[in-house]
Amino acid sequence: MHWIDGIVQGVLLGGLYAQYALGMALMFGVMKIVNVTHGDLVVLLALIGISLANFAGLGPWAVLATLVPIGAALGWLLQRALLNRVVGNDPLPSLIATFGLSIALQNAMLVIWSADTRSLSGGGIQQASISLGPIFIGVLPLIVLICATLLTGGLDLTMRRTRFGRSLRAASADVEAAAMVGVNPRNVYAAATAIAVGILGFAATFQAMRSTVAPADGPFQLIYAFEAVIIGGLGSIWGAFAGAMILGISQAIGFRISPGFGILAGHLVFLAVLAIRPQGIFQRKS
Amino acid sequence: MSKYRVARMTLSGQLALVLFTAALVGICAMPWWASQGLIRDVVTLACYIAVAQMWNMLAGYGGVVSVGQQAFVGVAAYAMFVLAQTFGVNPFLAVFLSLIAPAILAVPIYGLLHRLEGAYFAIGTWVVAEALRLVATNMSMLNGGAGMSLRVMTQFSAHERAVASSLLAAALLLVTLGGSYLLLRSRYGIALTAMRDNPVAAASQGVDVGRLRLLIFIATAVGTGFAGAVYFMAQLRITPPSAFDASWANLAIFIVMVGGIGSLEGVIIGAVIYFFADRWFGEYGASYLIVLGLLTLVCALYFRGGIWGLWSKWVEAPWFPTRRRLIRLDGDKA
């Protein structure tokens, strides 16, 4: 029962990681770039949300409704002002540029919000749980998981069914050919990053409600998102979701083996997947 | 008789070589002319130059971007502490023996991570460094999160330690800068430069890109580890967060991007700038790091060649010339 509980809690934790991972999978799928500020943006949005709650008296759902458009705007701006200049075959410029921005962002947040850990009050929802026999399931983690599933399904449908999704896939497959048939890659890229960071608005709200955030946390969220994407298989939206579940379960079981082993267990599973199935668990060999 | 010859050395290069040699001799002789504080500063600066130059070889020439070089800093430093403190090996010998650890570790790391595409490789190195930090935190042999002290150093006098630090700093510079220069002048250097400019074209000319990348990854792991062992020997104390500190990657990337990627001169310029910036503005903490991060960003966006790249546009006087030039011999009628 101890282990079943671990798996259940891991799946719930995976719901949060899926929200980190979706945007990264989308951006890498479309542009082949990694935005090193990915995790710092989660923290930035979360801190903005906590300040909104404190000073404007917003409730958690109002914070969520505000953070998603703020995230989308930040993503659009990031792509327009910075990333569009460094998209290309060479991975170095985009990586270094966002790496530098990540250091600047972390320290700017440190100046504004100090190093304290903060969290967002959920109005009692954090303590609520439902019991399935001997296993207790938190209501909030369940909401996070449902939200992650809906976001994944929605993003997947958008990619497969809509005109916008087609232009994203076209730009991803061959950007020059896509440009020839009337897709403006810069707009498509900006929209992709806006969606990616907009989803981080969900992740930020739930992260701040479930646990705490501090300005230096970003690199960890980046690493979890990255591990989920690689475990699941590059470029696949549902793969990233499944990868996040596997990462969450690995960490939850690791924590039950020894408190110092939880995060490390996630890293080890990631390395094991690289060793055994480098294309990711849910990706067929191309 | 050939009408042409290939020239590599320039006057500026010869001058720089003389200065470089003089600097190394000066560093070796530090215990007899410099204060304790100056020796410590020079050792720190040498470590910065070494770590940055290793990242430069990796990213600037090998085309392999890593943000997890602190993995090798920490592994070599911990290996040195264990050899010297736990097994009683002479600490100065332990510095060199400890370099086996990053060399051995680099092979499986590269083997696993090279399956990832460019930018993902870089984040993968970060995961490895994080994993190693957590392993060190959980290992009772390394005294876990509490860290270790190099108490065996008390058997040496202050003067003996100063001599060792100075010699190690000089050796570190000789190996990382001198070694890189010799490598770049050799036929491997031509292969590396070709690979930097275009890996596909280099492969079509017979360069074994995969093998060369593995070799450069191992070599830079050893060089980075050397810097780590020297740095933490001077610190006398090590903990997992300090050994596997991401700021090693930050400083390497800042130094190389601001100084100028793909050049040895840029690394020296960048390291000196970083060293003094850290000294003068380090007290401003966060705001200073904001500027550092933004400078890295601006260099990556607008000044890909950094300071040395800008300077070279005006003055062509390389300190470490690697370019081969064809010179027509005098007296020939063409």
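This is a predicted model: local features need pLDDT of at least 70, side-chain atom pairs count only at pLDDT 80 or more; totals for chains, interfaces and linings use all residues.
# A guided tour of a two-chain model

**The annotated spans of chain A**

The span just selected comes from a record. An unreviewed UniProt entry lists residues 6–29, 41–58, 95–115, 135–159, 188–209, 221–241 and 253–276 of chain A under "transmembrane region". Now select another of these, residues 6–29 of chain A. Its end C-alpha atoms are 32 Å apart, and the span is 100% helix and 0% strand.

**Chain A as a whole**

Next, colour chain A by secondary structure. Chain A contains 11 helices and two strands. Followed from the N terminus, its elements come in the order α-α-α-α-β-β-α-α-α-α-α-α-α. The radius of gyration of chain A is 19 Å, close to the 19 Å given by the globule rule for 286 residues, so chain A is as compact as a globular protein of that length. Its C-alpha trace spans about 60 × 50 × 35 Å along the principal axes.

How much of chain A is buried? Of its 286 residues, 53% are buried. Consider also which parts of the sequence meet: among contacts in chain A with a separation of 6 or more, 76% are between residues 24 or more positions apart.

Select A:Ser250, which is found in helix H10 (residues 237–257) of chain A. Is A:Ser250 buried or exposed? A residue is buried if 20 or more other C-beta atoms lie within 10 Å of its own. A:Ser250 has 26 C-beta neighbours inside 10 Å and therefore counts as buried. Leaving aside residues up to four places away in sequence, A:Ser250 touches A:Ala265, A:Gly266 and A:Val269. A:Ser250 and A:Ala191 are 59 residues apart along the chain, and 33 Å separates their C-alpha atoms.

Move to A:Lys32, in the loop between helix H1 (2–31) and helix H2 (38–55) of chain A. A:Lys32 has a positive phi of about 60°, although it is not a glycine. With 20 other C-beta atoms within 10 Å, A:Lys32 is buried.

**Chain B as a whole**

Turn to chain B, whose secondary structure consists of 15 helices and four strands. Its radius of gyration is 21 Å, close to the 20 Å that the globule rule gives for 334 residues, so chain B is as compact as a globular protein of that length. Along the principal axes, the C-alpha trace of chain B spans about 75 × 50 × 45 Å. Of the 334 residues in chain B, 46% count as buried. Among the contacts in chain B between residues at least 6 apart in sequence, 80% join residues at least 24 apart.

**A pair of helices in chain B**

Select helix H1 (residues 11–28) and helix H7 (residues 158–185) of chain B. How do these helices pack? Their axes are 7 Å apart, at an angle of about 155°. Angles over 145 degrees count as roughly antiparallel, and H1(B) and H7(B) are therefore roughly antiparallel to each other. To see the contact, display B:Leu24, B:Ile27 and B:Cys28 of H1(B) together with B:Ser166, B:Leu167, B:Ala169, B:Ala170, B:Leu173 and B:Leu174 of H7(B). By class, this contact of H1(B) with H7(B) has eight nonpolar residues, one polar residue and no charged residues.

**Two residues of chain B**

Select B:Leu38, in helix H2 (residues 36–61) of chain B. B:Leu38 has 11 other C-beta atoms within 10 Å and is exposed.

Then select B:Asn143, in the loop between H6 and strand S2 (148–149) of chain B. B:Asn143 is a residue other than glycine with a positive phi, near 65°. With 17 C-beta neighbours inside 10 Å, B:Asn143 counts as partly exposed.

**Where the chains meet**

Finally, show both chains together. The contact takes 35 residues from chain B and 36 residues from chain A. On the side of chain B that touches chain A, helix H6 (118–138), helix H12 (247–259) and helix H14 (286–301) of chain B each supply at least two residues. Which element provides the largest share of that side? It is H6(B), with 13 residues. By class, the residues on this side of chain B comprise 25 nonpolar, seven polar and three charged.

How values were computed. Residues are numbered from 1 along each chain as its sequence is written. Chains are lettered from A and ligands numbered from 1 in the order in which they are written. The radius of gyration is taken over C-alpha atoms; the globule rule is 2.2 Å times the number of residues to the power 0.38. A residue is buried if 20 or more other C-beta atoms lie within 10 Å of its own, exposed if 12 or fewer, and partly exposed in between; C-beta atoms are placed from the backbone. Two residues are in contact if their C-beta atoms, placed from the backbone, lie within 7 Å. Ala, Val, Leu, Ile, Met, Phe, Trp, Tyr, Cys and Pro count as nonpolar, Asp, Glu, Lys and Arg as charged, and the others, Gly among them, as polar. UniProt positions are given in the numbering used here, feature names are shortened, and annotations may be inferred rather than shown by experiment. Axes are lines fitted to C-alpha atoms, for helices over the stretch in contact, and angles run from 0 to 180 degrees between N-to-C directions. Angles under 35 degrees count as roughly parallel, over 145 as roughly antiparallel, 65 to 115 as roughly perpendicular and the rest as oblique.
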